[in-house]
Amino acid sequence: MAKITPRSQDFSEWYLDIIREADLADYAPVRGCIVVKPYGWTIYEHMRDYLDKRFKDTGHVNAAFPLFIPMSFLQKEAHHVEGFAPELAVVTHGGGEALEEPLVVRPTSETIIGYSYSQWIKSYRDLPVLINCWNSVVRWEKRTKPFLRTMEFYWQEGHTAHATHEEALEEVLRMLNVYYAHMREDCALPGFRGRKSINERFAGAINTFSIESMMGDKRSLQSCTSHDLGQNFARAFEIKYLDRDNTEKYCWTTSWGLSWRLLGAVIMVHGDDQGLRLPPKIAPIQVVIVPIFKNDAEKSQVMPVADQLYKSLKASGLRVKLDDRDETPGFKFNDWEMRGVPVRVEIGPKDVANHSVALARRDAPGKAGKAFVSQDGLAERIHALLPEIHASLLQQAEAFQNSNIRECFTWDEVKEAVQDGWALAPLEDNPRNDERIREELTAKSLNFPLDQPEGEWVCVVSGRKVRERALIGKSY
RNA sequence: CGGGGAAUGGCGCAGAUGGCAGCGCGCACGGUUUGGGACCGUGAGGUCCCGGGUUCAAAUCCCGGUUCCCCGACCA
């Protein structure tokens, strides 16, 4: 097993090394595309399943819409086409003949779903429509990186239609909170819920919200988005309903998405020089059992006990693996640490004699995370340990994030802060200010956090009076 | 898309001045090993990124292209 580049030496190389060595993904023979390998995909499946349950719990249902969208559909919403035109993949031929109208490979599905909604929605009784799609989309990205920005990426996109703006806005924030809970409770990822600046809005939205998370190199990753589309798409696609008062009204629509990029966040937030560190809920293997023996006599002593433990842990509902490969224990320890398995159980002749096992936690490597415990009640002990590991990962990530954010009140303070972390600074939401931050700091306003104290300050760029502060930092 | 770097076995790399394609790790088999990345032996594995060109001869030189990495612009 190859060693990986130390995280502190070259964060980007480290990230790519982990993806390769932990068997998450490969490069595809197509620019900007990746092949997700079974171990990586299983992590994604767990994330997807938890999130899907949260969607169902909040009243949403899944459906599927076409991969191809008529070019004219995108053109119906002016800002939308303007925003996406440069990154569209366009199909001009089919069955060996030129198409009458080019089809775009969906970069997102607002338009084709908007078309269907206009067919389906007739009455206020049809509302709200709460649909989610698990699919992949294509955007012709200039600069790609596995999971974080690929030309084709897997995600979910939710699309809802409502009778009132209040209801739509409630949905936008509800889903932002669903994402927030998913990140924290399933992935142990902290982040800041907030409103994107006007400059950073989704093409066609009247308001965009995001969660910004700090990666291990102190850059931000926009982990998800939730958009208030106002009536822009409703007007473009004639999504109308007849209200109680017998007048026709346009719907208010929302859309929200979270991609496999969040798996990139899991790597970049939790990983260390030994490799991945996976939150237990999304780990393909939660517990690995490593048997230890010197000879056949010891092996015949150890293996039956290891096998018994395996069966009891599995029966208790844990995702467990018994590593009976013909490798040395040291090799296996390193191998499973690379793959981020949260808990390791070691069992050797001494343990068999003592009716014990060695229990090692991935979140606290070395001796600190290792303890000798009884074989009795091992399953219960591990079931209790997993939430501890989750909490510890979240705590570590959140402490790192918070300790690298500085409250700033002047341009110079912001300038210094973004060299090695984020600034939280009063900012007037004006594209000109975003522009200056980008040009002079090669950073951007991440978002205006929803949770912030009331107050009045002076914008660090324009000097105007403002009532909001923004997170500012370098980002992916 | 602009600037810079790179591409040789699965991974990491060496192969001035053109002249038999190599090393370490990994992989297969046999043996000895096994409580933090074991060792010995034998062996398999190559379109030297692709396409042209120069040359008796190209991994090496020239032209064109592709992909990856880094810094920008653009974006989830």
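# A hairpin and the chain around it

Strands β10 and β11 form a hairpin with five residues between them, and in it K218 takes a positive phi near 70°. Helices (H or I, at least four residues) and strands (E, at least two) are DSSP runs, numbered from the N terminus. Keep in mind that this is a predicted model: local features need pLDDT of at least 70 and side-chain atom pairs count only at pLDDT 80 or more, while totals for chains, interfaces and linings use all residues. Residues are numbered from 1 along each chain as its sequence is written, while chains are lettered from A and ligands numbered from 1 in the order in which they are written.

## Around the hairpin

Let's stay with β10 for a moment. Strand β10 covers residues 207–214, and seven of its eight residues are buried (20 or more other C-beta atoms, placed from the backbone, within 10 Å of a residue's own; 12 or fewer means exposed, in between partly exposed). Strand β9 (residues 192–195) in turn runs antiparallel to β22.

Strand β22 takes up residues 444–449, and five of its six residues are buried. It also pairs with β25 (residues 469–473), again in the antiparallel sense. Two strands count as paired if DSSP finds at least two bridges between them. Here are these pairs, each with one facing pair of residues.

| Strand pair | Bridges | Facing residues |
|---|---|---|
| β9 and β22 | two | R195 and F448 |
| β22 and β25 | three | S445 and I472 |

## Two open sheets

Now for an open sheet of five strands, in the order β16-β15-β17-β18-β19, with mixed pairing. Strands β16 (320–322) and β19 (370–374) stand at the edges with a single partner strand each, so one side of each has no neighbour in the sheet. From one strand to the next, the twist averages 25° (axes are lines fitted to C-alpha atoms, for helices over the stretch in contact, with angles from 0 to 180 degrees between N-to-C directions).

Two residues are in contact if their C-beta atoms, placed from the backbone, lie within 7 Å.

Another open sheet has three strands in the order β4-β6-β5, and its pairing is antiparallel. Here β4 (68–70) and β5 (89–94) are the edge strands, each pairing on one side only. The twist averages 45° from one strand to the next. Strand β4 meets β6 (residues 97–105) over three bridges, and I69 has V104 as its bridge partner in β6.

## Two helices

Which residues of helix α1 (residues 11–21) are buried? They are W14, Y15, D17, I18 and I19. Their cover includes β1 (25–27) and α8 (261–270). Just after α1 comes D23, with a positive phi of about 70°.

Helix α12 has 26 residues, 378–403, and reaches 36 Å from its first C-alpha to its last, close to the 38 Å expected (1.5 Å times one less than the number of residues). Buried along α12 are L378, I382, L385, I389, H390, L393, L394, A397 and Q401. An α-helix has 3.6 residues a turn, so residues three or four places apart point the same way.

## The whole chain

Zooming out, chain A has 14 helices and 25 strands. It is divided into domain 1 (11–270), domain 2 (285–384) and domain 3 (405–473), with bounds from an automatic or database domain assignment. The centres of domain 2 and domain 3, taken over C-alpha atoms, are 49 Å apart.

The C-alpha atoms of chain A fill a box of roughly 85 × 55 × 50 Å along the principal axes. A compact globule of 476 residues would have a radius of gyration near 23 Å, and the 25 Å of chain A agrees with that (taken over C-alpha atoms; the globule rule is 2.2 Å times the number of residues to the power 0.38). Buried residues make up 44% of the 476 residues. Among contacts between residues at least 6 apart in sequence, 68% join residues at least 24 apart.
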